[in-house]
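I am opening a notebook on this structure.

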Amino acid sequence: MYTDRVMEHFNNPRNMGEVEDYNAEGTVGNAKCGDIMRMTMRIENGVIEDVKFKTFGCGAAVATSSIATEMVLGKTVEEALNLTNYAVVEALEGLPPQKIHCSVLAEEAIKAAIANYRENAANLT
């Protein structure tokens, strides 16, 4: 049902937890399945210097969160905003059709964190 890559990220998730001194936070959820993802980031000079996640959900939700954080770490905000759920699925070498929504949540969590960062930055000026 799941690829080896999904199982690797589920069994050994990367970047799990909360970024110390984060300046961006995004929480998203899917009421239908009950998955909730929270991503925190530290963004400096437009670059994602650190990113971590906390996910309440199934193995696919954990795996998509894990790989998505790897995919945006060290990227500019603009590069991270271009991350799509399709790229997350591809990086995991596939997901079952009924689990694609987990990749959508990962994309949405990243975008929510960046929107939060931009909102906070605008309030400082």
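Before counting anything, I note that two strands pair if DSSP finds at least two bridges between them. The model I am reading is predicted.

Entry one, the sheet. I looked up the strand order and found an open sheet of three strands, β1-β2-β3, with antiparallel pairing. β1 (24-29) and β3 (47-56) each have a single partner strand and stand at the edges, so one side of each has no neighbour in the sheet. On average, neighbouring strands are turned by 15° against each other, direction ignored.

How many bridges join β1 to β2? I find six, with β2 spanning residues 36-44 and the two strands running antiparallel. I also looked up G26 and found that its bridge partner in β2 is M39.

Entry three, helices on the sheet. Helix α2 (residues 59-72) packs on the sheet and touches β2 and β3. I noted an angle of about 175° between the direction of α2 and that of β3. Helix α5 (residues 100-124) also packs on the sheet, where it touches β1 and β2. For α5 and β1 the directions make about 145°.

I checked helix α1 (residues 4-11) against α2: their axes come within 8 Å and cross at roughly 85°. Angles of 65 to 115 degrees count as roughly perpendicular, so α1 is roughly perpendicular to α2. Which residues of α1 make the contact? They are R5, V6, H9 and F10, and from α2 I list G59, V62, A63, S66, I67 and E70.

Note on methods. Residues numbered from 1 in each chain as written. Predicted model: local features only at pLDDT ≥ 70, side-chain atom pairs only at ≥ 80, totals over all residues. Heavy atoms only, no water. Helix = DSSP H or I, 4+ residues; strand = E, 2+ residues; numbered from the N terminus. Axes fitted to C-alpha atoms, helices over the stretch in contact; angles between N-to-C directions. Contact = heavy atoms within 4.5 Å. Parallel < 35°, antiparallel > 145°, perpendicular 65-115°, else oblique.
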